Amino acid sequence: MSEAKKKIALSGVVAGETAICTVGKEGVGLTYRGYSINDLAEQATFEEVAFLLLYGELPKQKELDDFRKRLASNRRLPGVLNDLLKGMPKQTPGMDALRSSVSVMAHFDPDVADNSTEANTRKAERLLAQIPLAIVDQYRLARAERLVPARTDLTGTANFL
């Protein structure tokens, strides 16, 4: 089948519906919860966009401050995770190490057995705080560099860098 016929055959077919992301709406391109991704990239912080995606609206200052405190309080990894990362072959692709890291972190999540919306949101917040740490730790360990502990007084982005 020609490429043109494939496009026509799928025209009008809904692959999925979401309130989070829209592609190509009204000539804007990609939007998150109705906000242009370009506007968010220029005017919002990582934490503001994460809050928007999780809670459906941009945070007010108090909400953002509380969200940042929750992220900071979860900015730690289970000790066994670094043992696992140290034991991985140095050539392990970063995405493979991250996949394994997330699996390990799930075993230590206090909400692992709870699939309520509230528990899933708490899990998402913990992962937002932990994933950057796992990425950095794997990167440093694969290069035989010393680990740098996360600081709660810094943002997630500053800790990552």
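Below are my entries on pockets, a cavity, helix contacts and one glutamate.

**Ground rules**

I'm working on a predicted model, so I kept local features to pLDDT of at least 70 and side-chain atom pairs to pLDDT 80 or more, while totals for chains, interfaces and linings use all residues. Residues are numbered from 1 along each chain as its sequence is written, and side-chain values use heavy atoms, with hydrogens and water left out.

**Entry 1: the largest pocket**

Rolling a probe the size of a water molecule over the atoms shows where empty space is left. My search ran on a 1 Å grid over the protein atoms alone: a cavity is a set of points where a 1.4 Å probe fits but cannot get out, and a pocket is an open set with protein on both sides within 12 Å along at least five of seven lines. Lining residues have an atom within 4 Å of a point. Grid points are joined across faces, edges and corners, and a volume is the space filled by probe spheres set on the points.

I got a volume of about 400 Å³ for the largest pocket. Its lining has 21 residues, and Leu133, Asp137, Val148, Pro149 and Ala150 lie nearest the centre. Two elements give two or more residues to that lining, α7 (117–142) and α8 (156–160). I take helices as DSSP runs (H or I, at least four residues), numbered from the N terminus. With seven residues, α7 gives the most to this lining.

I then sorted the lining by class, where Ala, Val, Leu, Ile, Met, Phe, Trp, Tyr, Cys and Pro count as nonpolar, Asp, Glu, Lys and Arg as charged, and the others, Gly among them, as polar. The lining of the largest pocket came out as 14 nonpolar, two polar and five charged.

**Entry 2: the second largest pocket**

Here I found about 240 Å³ of space. I listed 15 lining residues, with Met105, Phe108, Asp109, Arg126 and Gln130 nearest the centre. The elements giving two or more residues are α6 (94–107) and α7. Again α7 gives the most, this time with four residues. By class I noted nine nonpolar, two polar and four charged residues.

**Entry 3: the cavity**

How many cavities of 30 Å³ or more are there? I counted one. The largest cavity has a volume of about 50 Å³, and Leu85, Met88, Pro89, Lys90, Gln138, Leu141 and Ala142 line it. Three of its lining residues come from α7, which gives the most. The lining splits into five nonpolar, one polar and one charged.

Since α7 kept turning up, I checked its packing next. For the geometry, axes are lines fitted to C-alpha atoms, for helices over the stretch in contact, and angles run from 0 to 180 degrees between N-to-C directions.

α6 and α7 pack at about 135°, their axes 10 Å apart. Across the contact (heavy atoms within 4.5 Å), I see Gly94, Ala97, Leu98, Ser101, Val102 and Met105 of α6 meeting Leu127, Gln130, Ile131, Ala134, Ile135 and Gln138 of α7. I count eight nonpolar, four polar and no charged residues there.

Next I took helix α3 (residues 46–55), which packs against α7 at about 160° with the axes 11 Å apart. The two are therefore roughly antiparallel. Phe46, Ala50, Leu54 and Tyr55 in α3 meet Thr121, Ala124, Glu125 and Leu128 in α7. The classes are six nonpolar, one polar and one charged.

**Entry 4: α3 on α4, and Glu48**

α3 also packs with helix α4 (residues 61–73), at about 95° and with the axes 10 Å apart. That makes α3 roughly perpendicular to α4. I wrote down Glu47, Glu48, Ala50, Phe51, Leu54 and Tyr55 from α3, and Glu63, Leu64, Phe67, Arg68, Arg70 and Leu71 from α4. This contact has seven nonpolar, no polar and five charged residues.

Which residues does glutamate 48 touch, not counting those up to four places away in sequence? I found Gln43, Leu58, Pro59 and Leu64. I also checked glutamate 48 against lysine 60: 12 residues apart in sequence, 9.3 Å apart in space, C-alpha to C-alpha.

Terms used
Angles under 35 degrees count as roughly parallel, over 145 as roughly antiparallel, 65 to 115 as roughly perpendicular and the rest as oblique.
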